[in-house]
Amino acid sequence: MKDKVCSDFVFMPLKGDQRVPAMAAGEQVAATDRLAAGSPAVVESDTTEVKSKIVVVGDCECGKTTLIHRYVQSKFQETYTPTGFDTYSGSYNVSDTYRIQMSIWDTSGDAGYDRVRPLSYTDADLVIICFSIDSPDSMENVVSKWHPEVREHCPTQPIMLVGCKADIRSEAKNLPPGRPRPALVSYDQGLKTAKHIGALVYSETSAKTSQRSVNDVMEVAALSSAGTTNTGGAAAAAAAAGTPTSDGPNGFRRQRSFIRRKRFSGLNEAKVHLRKEAAKSCAVM
């Protein structure tokens, strides 16, 4: 991993025993009305929950499903199982009063699904394009197949580029002398591809050896996707309350622009800035 460690970053995982209390019938109707109006659903009187949809695409066997399983279940999936289309749920607490509820869509990279896969992009807030570090062909397909497909169906949504199976680099270095070494994608090659497609951020993960690398990717994805969903609701709430905001209705969107300008300086920096922006938005809800 080339991402720099940020000493002032505070990791706030969702507590395993945390549960959202049931809402009364009147509160459920009010929450439904707020969602229909484009505002975030208030689960409790002092807790705001924002929903986001994240779609994960890439070649078959590049590590998409293993990445998602590691984040959702905190387990490494040893056996490869071909994926059709699966949906997973995950939550990320930005603060004590602000929660992002993610719907994570796992897709098949098989050509046989090319006609139906576009259905997954409907209402997507962010797309993660994955490739495998031990497969240069999978990275080439990021440019030739996946980026064009994503932009056709999600022309404005932010994209993250993720190199999976980073642990293979270490394994290759430890091979006995004389054993052929696999062709690997270098960090710089992945970085160059990310710049080429205009990705929000580039990072490498190892679902096998690094839970932290997986968490960082998914949490930045949650914060970035929530910016797409939540901006209008925060502005509306501020306007209704007569509360001025420093960032206006486009706070998260401006923040994503900032990350684009500095997008390759490190995943942790993106995470810190997006968390700060989320806190500002939450303050006016």
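Cys164 is found in strand E6, residues 159–164; helices (H or I, at least four residues) and strands (E, at least two) are DSSP runs numbered from the N terminus. The structure is a predicted model in which local features need pLDDT of at least 70 and side-chain atom pairs count only at pLDDT 80 or more, while totals for chains, interfaces and linings use all residues. Residues are numbered from 1 along each chain as its sequence is written, and side-chain values use heavy atoms, with hydrogens and water left out.

Cys164 counts as buried because its relative accessibility is 3% (buried, under 20% relative accessible area; exposed, over 50%; partly exposed in between; 1.4 Å probe, protein chains only). Leaving out residues up to four places away in sequence, Cys164 touches Cys62, Gly63, Cys130, Phe131, Ser132, Ile133 and Thr205, where contact means heavy atoms within 4.5 Å. Its C-alpha lies 5.9 Å from that of Glu204, at a sequence separation of 40 residues.

Phe131 is also among the contacts of Met139, along with Val185, Gln189, Gly190 and Thr193, when neighbours within four places in sequence are set aside. Met139 belongs to helix H3 (residues 136–153) and is buried, as its relative accessible area is 12%. Between Met139 and Ile129, ten residues apart in sequence, the C-alpha distance is 9.7 Å.

Over the protein chain, eight helices and seven strands are present, and 48% of the 285 residues are buried. Of the contacts with a separation of 6 or more, 73% join residues 24 or more positions apart. The chain exposes about 13800 Å², 52% of it supplied by carbon and sulfur atoms (Shrake-Rupley method, 1.4 Å probe; for residues, only the protein chains shown count as cover).

On the surface, Phe85, Tyr113, Val116 and Leu119 form a nonpolar patch with about 350 Å² of accessible area together. Leu119 sits in the loop between strand E4 (98–107) and strand E5 (126–132) and is exposed, because its relative accessible area is 63%. Patch members have over 30% relative accessible area and no salt bridge, with like charges joined within 9 Å and nonpolar side chains (Val, Leu, Ile, Met, Phe, Trp, Tyr) within 5 Å; a salt bridge is a side-chain nitrogen of Lys or Arg within 4 Å of a carboxyl oxygen of Asp or Glu.
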